[in-house]
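Good morning, and thank you for coming.

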Amino acid sequence: MGVAAGPIRVVVAKPGLDGHDRGAKVIARALRDAGMEVIYTGLHQTPEQIVDTAIQEDADAIGLSILSGAHNTLFAAVIDLLKERDAADILVFGGGIIPDEDIPPLKEKGVAEIFTPGATTASIVEWVRENVRQAAASGN
């Protein structure tokens with residue numbers, strides 16, 4: 001993982017057909033401004049493209065942003081592909097319009113954290129710093 005070799009590396013991705021990326025760009029900029037290396041994949045990414053990018057870029061984490069309502073399917077697909085590709089050590093977090101009742105099943109599936117509207121960029125940056133370091137230290 002990149003943490004040992006330098007800055008935290010985060011892939012920020014917009015899975016599926018969701019065409020709204022302002023929030024993802026705000027988060028990408030906040031992470032970058034906090035000293036992390038950010039790879040923004042752009043709109044309309046498949047889970048396969050996201051996982052391929054994360055592996056190729058030696059990412060420590062993937063941040064998924066979704067507003068379309070397909071979070072249960074798309075987040076799970078990314079988690080499953082990471083496991084299939086022996087890359088389950090890449091931490092996955094997400095945000096967007098996600099109903100409260102969908103958050104526990106997403107976390108059970110393996111999504112480390114979900115940020116809903118109102119989460120501050122500072123809280124997201126701090127969470128990424130703390131949790132990527134913990135994952136790296138524990139060997140996850």
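Let us begin with strand β3, residues 61-66, which pairs with β4 in the parallel sense over 6 bridges. Please bear in mind that this is a predicted model. To take one point of this pairing, the bridge partner of serine 65 is glycine 95 in β4.

Let us stay with β4 for a moment. Which residues point to either side of β4? Leu91, Phe93 and Gly95 point one way, while Val92, Gly94 and Gly96 point the other way. Residues on both sides of β4 are buried.

We return now to β3, where isoleucine 62 is found. Is isoleucine 62 buried or exposed? The relative accessible area of isoleucine 62 is 0%, so this residue counts as buried. Setting aside residues up to four places away in sequence, isoleucine 62 touches Val11, Ile50, Ala54, Val78, Leu82, Ile90, Leu91, Val92 and Phe93.

Valine 125 belongs to helix α5, which spans residues 121-138. With a relative accessible area of 8%, valine 125 is buried, because the cut-off for that class is under 20%. Neighbours within four places in sequence aside, valine 125 is in contact with Ala30, Leu31, Ala34 and Met36. Valine 125 and arginine 32 are 93 residues apart in sequence, yet 9.4 Å separates their C-alpha atoms.

We turn next to two loop residues. Most residues other than glycine have a negative phi. Histidine 44, however, has a phi near 60°, which is a positive value. Where does histidine 44 lie? Its place is the loop between β2, residues 37-40, and α2, residues 47-56. The relative accessibility of histidine 44 is 43%, so this residue counts as partly exposed.

Aspartate 86 likewise has a positive phi, near 60°. This residue is in the loop between α3, residues 71-84, and β4. Aspartate 86 counts as exposed, because its relative accessibility is 75% and the cut-off is over 50%.

Finally, let us consider the whole chain. How many helices and strands does the protein chain have? There are 5 helices and 5 strands, and from the N terminus on they run β-α-β-α-β-α-β-α-β-α. The radius of gyration is 13 Å, close to the 14 Å that the globule rule gives for 140 residues, so the chain is as compact as a globular protein of that length. Along the principal axes, the C-alpha atoms fill a box of roughly 35 × 30 × 25 Å.

Of the 140 residues, 47% count as buried. Among contacts between residues at least 6 apart in sequence, 71% join residues at least 24 apart. The chain exposes about 6900 Å², and carbon and sulfur atoms supply 50% of that area. As for charge, there are 12 positive and 20 negative charges, and their mean positions are 6 Å apart.

Thank you for your attention.

Note on methods
Residues numbered from 1 in each chain as written. Predicted model: local features only at pLDDT ≥ 70, side-chain atom pairs only at ≥ 80, totals over all residues. Heavy atoms only, no water. Helix = DSSP H or I, 4+ residues; strand = E, 2+ residues; numbered from the N terminus. Rg over C-alpha atoms; globule rule 2.2 N^0.38 Å. Buried < 20%, exposed > 50% of the residue type's maximum accessible area, 1.4 Å probe, protein only. Contact = heavy atoms within 4.5 Å. Areas by Shrake-Rupley, 256 points an atom, 1.4 Å probe, with all protein chains shown as cover. Lys, Arg positive; Asp, Glu negative; His and termini not counted. Charge placed at Lys NZ, Arg CZ, Asp CG, Glu CD. Pairing = 2+ DSSP bridges.
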